Protein chains: 2
Amino acid sequence: MRPFSSLIPLEDARSVLREHAKPVLQHVTVRIENSAARVIAVDVEARINVPPFARSAMDGYAVVAEDTYGAGEFSPRSLKVVGVVRAGDESDIKVSPGHAVEVATGAVLPEGADAVVKVERTEITDDALKVFKPVHPQENVSQAGSDMASGALVLKHGDVLHPGKIGVLAALGIEEVEVLRKPTVAVAPTGNEVCELGKEPTPSQVYDVNSYTIMSLAERNGCDATRHPVVEDTLESIGALLDKVKESDVVIFSGGSSVGERDILVDVLAERGDVIFHGVQIKPGKPTLFGKIGEQLVFGLPGYPAACLTVGNALIAPALRKMASLPEGKANRGRFKLAKRVVSTLGRHQFLTVRIENEMAVPVFKESGAITSLGDAEGYVEIPDNMDFVEKGEIVEVVFF
Amino acid sequence: MRPFSSLIPLEDARSVLREHAKPVLQHVTVRIENSAARVIAVDVEARINVPPFARSAMDGYAVVAEDTYGAGEFSPRSLKVVGVVRAGDESDIKVSPGHAVEVATGAVLPEGADAVVKVERTEITDDALKVFKPVHPQENVSQAGSDMASGALVLKHGDVLHPGKIGVLAALGIEEVEVLRKPTVAVAPTGNEVCELGKEPTPSQVYDVNSYTIMSLAERNGCDATRHPVVEDTLESIGALLDKVKESDVVIFSGGSSVGERDILVDVLAERGDVIFHGVQIKPGKPTLFGKIGEQLVFGLPGYPAACLTVGNALIAPALRKMASLPEGKANRGRFKLAKRVVSTLGRHQFLTVRIENEMAVPVFKESGAITSLGDAEGYVEIPDNMDFVEKGEIVEVVFF
């Protein structure tokens, strides 16, 4: 057995990963209805004016604004209604002074009109329209190109598509959009102690947990993840899997990174590429391995489920987001009072799982093996390596899963 | 044209929707690798102990704890190593006083041993193991059932599955899980002014925006959304669509809720079911229609894209989340300084789209028709109806999309 000779600080591990995780550059084309949360790969210029024509922004009457000046509750202006334009109508009706045309929201503004009086400010008596409030020119009119002017840059390379941005594409009549290809992640559990779901474990085996948690983590961070069946802890089996997943941007083994019999992954990695770090000052998650084979990133994560997923959240997720060109979440954090005193380990950056109850962060950590400490948790709190406890009632920042 | 006779306050609209939006109760079965963000439909009890056996939590040596008492850097205890157990090994080796067995993390704890000494606290010299630090009984051992005891309730009806909870299922060997069926949402644009993407708009038409934004909004709020082609503003066309989507939990029309020619949806709804409210004191989004046909919720949203999506965020999303049994987001809010003074409308609860720049909330609102005001935005700020402006520098709460 070889113990860890030295551990690198978490911040160093993070900056090493930032350096090695390169954004995927290839494009793929998707229909806009399937583009949510994808990262746009090109700049998009408006190829038409939106709206394409001046239109009414209200239900009401298209008028010559000047005709309404001086109108008031007790001094309405009278106009003659000469027609109606509904949204979608093509009409060559014109508005001349003294006249008005009924218009619906979205209708083309008739020629000659320069403003729209809201229906609520009018009254129809016999043939006459009474206007009770003046409008200024352009009032209640959306000019052609006022939302997007033809030629304007409306979406930029790197924008993450959300309903509003998808709406921008639709407004331009764009059905398909080029987005960045998702990073591909191959996930493989290793170890003779790991049993496939659906099989009967031997008396010394446990079910595979980590490939499912890591796959789910990779997908929620913008990647396409593929699970592979349990790989034996042998040079041959690990080598065979690496041959099979050569096209994958990232390979994540769970188990296979601790000391003991399981230095095999380290040896395979050293032979085929480079071991970049092995052992990180975090708790749980110390025996984390990172290396590269060509441009492919290879991780060995601790076999214990909570340790594995903690490293996933703390180190792998930021690397995957960088590869996927997704920003670090601005919104998934909150500040809460700690519900009870927590003791940490000096010299190890600790990740403490918590649940929010009555606006307090309640620790749910059990031990590094305990998947329930992650199942019950809504997020985690980080305790830096220079602190040995955090007092009850102190404000902590919770990063939500 | 019928103007709105009265508008209901936003909070009333919200509470009406809370009352009418009923959680979907049906279950569907999904594989755990496809269960992320789904809502679990049953209570899950552990059907086995996890771990199923006492195991070593460290790489090291299984010992009788008592043998190590009094050990120190300069007074190591010597033990005889009688074997090795790797993770996954089935071994009948026993540890008796004075003896030790090498164990890997995850290995079954050999009979007779009651603790594990970490490898870092030991040294091998010839045949003898030197132990430099005492361990107490149970130290570095995970007891059978210590993570989940057989019979314990580990996941509850209503839990939203995330990587940690998916890990809990995997740890129990569960491959498939019953989750709540997603609410189904039929989305249909209406209006003769709306042109399908891929077709050439007439000089008085605009491209369909709203069905794409609302579909995307429904999906990110836990629903299955289906888009239907543009529906004409006629009793027959709207009736025909309603006949077609009878199985849908929710129907959302965009356009078709303003006054003017488009009272048709109100009439159809009154005839087939009930109009519950029509007109809400929000800006943008006033002409919002809500009703029911049997248990089906029917919405008519304003045709203007930003107004439509604002109502989607403010009213529809919370209703859909309730139907999907998803909690309201705890994490998607943040407090920021407002970058410039904003003028609102007294008596209308205003939704102001913003982008975050230099930790300030910068308004990006243009006009209610402007989809770019949503395309550029990262979230929105609400200005209550009793305020007519918010000063630059005031702290506002941003709800992120």
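Two strands are said to pair if DSSP finds at least two bridges between them. Strands (E, at least two residues) and helices (H or I, at least four) are DSSP runs, numbered from the N terminus. The model is predicted, so local features need pLDDT of at least 70 and side-chain atom pairs count only at pLDDT 80 or more, while totals for chains, interfaces and linings use all residues. Residues are numbered from 1 along each chain as its sequence is written, chains are lettered from A and ligands numbered from 1 in the order in which they are written, and side-chain values use heavy atoms, with hydrogens and water left out.

**A sheet in chain B**

Strand 8 of chain B pairs with strand 9 (residues 128–131) of chain B in the antiparallel sense, over four bridges. Within strand 9 of chain B, B:Val131 is the bridge partner of B:Thr122. Both strands belong to an open sheet of six strands in chain B, whose order is 7-4-6-5-9-8 and whose pairing is mixed. Strand 7 (115–118) and strand 8 (122–125) of chain B are the edge strands, each pairing on one side only. On average, neighbouring strands of this sheet are turned by 40° against each other, direction ignored.

**The two chains**

Chain A is superposed on chain B by a rotation of 180° with 0.0 Å of shift along its axis, at an RMSD of 0.1 Å. The superposition is by least squares on the C-alpha atoms of residues with pLDDT of at least 70 in both copies. This is the relation of a two-fold axis. The same surface serves both copies, as 100% of the contact residues of chain A recur in chain B. Contact here means heavy atoms within 4.5 Å.

**Helix packing**

Two packed helices are described by the angle between their axes and the distance between the axes. The axes are lines fitted to C-alpha atoms, for helices over the stretch in contact, and angles run from 0 to 180 degrees between N-to-C directions.

| Helix | Partner helix | Angle | Axes |
|---|---|---|---|
| Helix 1 (residues 10–20) of chain B | Helix 6 (residues 305–323) of chain B | about 20° | 9 Å apart |
| Helix 3 (residues 210–220) of chain A | Helix 2 (residues 163–171) of chain B | roughly 155° | within 8 Å |

Angles under 35 degrees count as roughly parallel, over 145 as roughly antiparallel, 65 to 115 as roughly perpendicular and the rest as oblique. Helix 1 of chain B is therefore roughly parallel to helix 6 of chain B. In the contact between these two, B:Leu10 and B:Leu17 are among the residues of helix 1 of chain B, and B:Leu315 is one of those in helix 6 of chain B.

Helix 3 of chain A is roughly antiparallel to helix 2 of chain B. Here A:Tyr212, A:Thr213, A:Ser216, A:Leu217 and A:Arg220 of helix 3 of chain A meet B:Pro163, B:Ile166, B:Gly167 and B:Ala170 of helix 2 of chain B.

**Backbone details**

Which peptide bond of chain A is cis, with omega near -10°? The bond from A:Val50 to A:Pro51 is. A:Pro51 lies in the loop between strand 2 (44–45) and strand 3 (55–56) of chain A. In chain B, the peptide bond from B:Val50 to B:Pro51 is cis, with omega near -10°.

A:Asn358 has phi near 50°, a positive value in a residue other than glycine. A:Asn358 sits in the loop between strand 24 (349–357) and strand 25 (360–363) of chain A.
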